[in-house]
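Take a look at the sequence and the fold below.

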Amino acid sequence: MTEERDALALKYASTTKAFEEASSTIASLSLELSDYKQKYGNLSSDYSNELNRNEDFANQIKSISKTVGVLDKLSKTDEELLKKYSKVYFLNEHYVPESLRAINNEWKYTESKDLKLHSKVISYFNDMEDAAKADSVDLYVVSAYRSFGEQGALKNGYKVSYGSGANSFSADQGFSEHQLGTTIDFTTKGLGGGLDGFQNTAAYTWLTDNAYKYGFVLSYPPNNSYYVFEPWHWRFVGEKLARDLHKNNAHFYDWDQRKIDGYLINIFD
Ligand SMILES: [Zn+2]
């Protein structure tokens, strides 16, 4: 019996020791584990910080290149195209649009007449003519781009037709817009190729309702305070500006030049 008891006591002692050793191993392992956990936590937070920094950087680059793109586009856009012309502000006599394109014979009142528009405006103009035609409206061009020299010659004729009561200086205003290559004088059937009476035609009504969709606006509306009413005289100012003017029931010359300048970047969008 004694022998058995001794053996059991020995076994118990060795088991207890093994258990103590195991406990201490577990303790040191869990210490190590929590060390690792902390290290890993730091690493992953470093990593996500780094990711965020890269993202910020990428966003900065994106916004810088966007700004550069806008500036580049703006630098290549002719700022005269949205200028308001007045008694104090005229186009330089040497001003010529960057490029001009001939208007399709189909849209001219007199086919033999050489009529040109700013090359970037032609597609908007063609779309507008196509839409008018689809609505059975005859919209013919009488005059489009006019050089400074051509304007001078015409002006003398207009002075006579306006008579002595006309403000000859103010009459220059409308001509200046033609020098841009973005402005058109329209006529329609029944006016003998003239402009008088255009406000009473279906063509004028159609333009009033639809021209803005193609970026064109009436420069000198009825009862305006800046110039004589010219129902036939329509100028391209870009779809965005034309739509916003239409939405606000306003006209180009009503708005501040600085507000209008904000549309220059989108004029051909
Ligand atoms: Zn005109």
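## Charged pairs and a zinc site

Lys120 and Glu98 form a salt bridge, with their closest N and O atoms 3.3 Å apart. Lys120 sits in the loop between β2 (116-118) and α2 (122-134). Glu98 sits in the loop between α1 and β1 (100-102), so the pair ties together parts that are 22 residues apart in sequence. Lys120 counts as partly exposed, because its relative accessibility is 36%. Salt bridges with shared partners also join Lys240, Asp244 and Lys247 into one network.

This is a predicted model. How many salt bridges does the structure hold? The count is 12.

Another of these pairs is Lys73 with Asp269. Their closest N and O atoms are 3.1 Å apart. This pair links distant parts of the chain. Lys73 belongs to helix α1, while Asp269 belongs to the segment after α7 (257-261). The two residues are 196 residues apart. Lys73 has 35% relative accessibility, so it counts as partly exposed. Asp269 has 47%, so Asp269 counts as partly exposed too.

Now take a pair within one helix. The side chains of Glu21 and Lys17 meet in a salt bridge, at 4.0 Å from N to O. Why are Glu21 and Lys17 separated by about one helical turn? Because they are four residues apart in helix α1 (residues 2-75). Glu21 counts as partly exposed, with 49% relative accessibility. Lys17 counts as exposed, with 53%.

| Salt bridge | N to O distance |
|---|---|
| Lys73 and Asp269 | 3.1 Å |
| Lys120 and Glu98 | 3.3 Å |
| Glu21 and Lys17 | 4.0 Å |

### A lysine without a salt bridge

Lys84 lies in the loop between α1 and β1. Is Lys84 buried or exposed? Lys84 is buried, yet has no salt bridge. The nearest side chain of opposite charge belongs to Asp256, 6.3 Å away. A salt bridge needs the atoms within 4 Å, so Asp256 does not qualify as a partner at that distance.

What lies 2.5 Å from a polar atom of the Lys84 side chain? The backbone oxygen of Trp255 does. Trp255 is also one of the residues that Lys84 touches, leaving aside residues up to four places away in sequence. Others on that list include Tyr89, Phe252, Tyr253 and Ile260. Asp256 and Gln257 are on the list as well.

### The zinc ion

Which residues supply the protein donors of the zinc ion? They are His178 through NE2, Asp185 through two OD entries, and His233 through ND1. These donors lie 2.1 to 2.8 Å from the zinc ion. In sequence, the donor residues are spaced H-x6-D-x47-H. The angles among the four donor atoms run from 52 to 158°, and the site is irregular. His178 is buried, and Asp185 is buried too.

### Across the model

Thr205 lies in helix α5 (residues 202-210). Its relative accessible area is 43%, so Thr205 is partly exposed. Now compare Thr205 with Leu8. How many residues apart along the chain are they? They are 197 residues apart, and their C-alpha atoms are separated by 116 Å.

Conventions. Residues are numbered from 1 along each chain as its sequence is written. This is a predicted model: local features need pLDDT of at least 70, side-chain atom pairs count only at pLDDT 80 or more; totals for chains, interfaces and linings use all residues. Side-chain values use heavy atoms; hydrogens and water are left out. Buried means under 20% relative accessible area, exposed over 50%, partly exposed in between (1.4 Å probe, protein chains only). Donors are N, O and S atoms within 2.8 Å of the metal (3.2 Å for Na, K and Ca); water is not among the atoms, so sites may look incomplete. Four donors count as tetrahedral if all angles lie between 85 and 135 degrees; four count as square planar and six as octahedral if opposite donors are over 155 degrees apart and all others between 65 and 115; anything else is irregular. Lys and Arg count as positive and Asp and Glu as negative; His and the chain ends are not counted. A polar contact is a pair of N or O atoms within 3.5 Å; within protein, one must be able to donate a hydrogen and the other to accept it, and residues adjacent in sequence count only if both atoms are side-chain atoms. Contact means heavy atoms within 4.5 Å.
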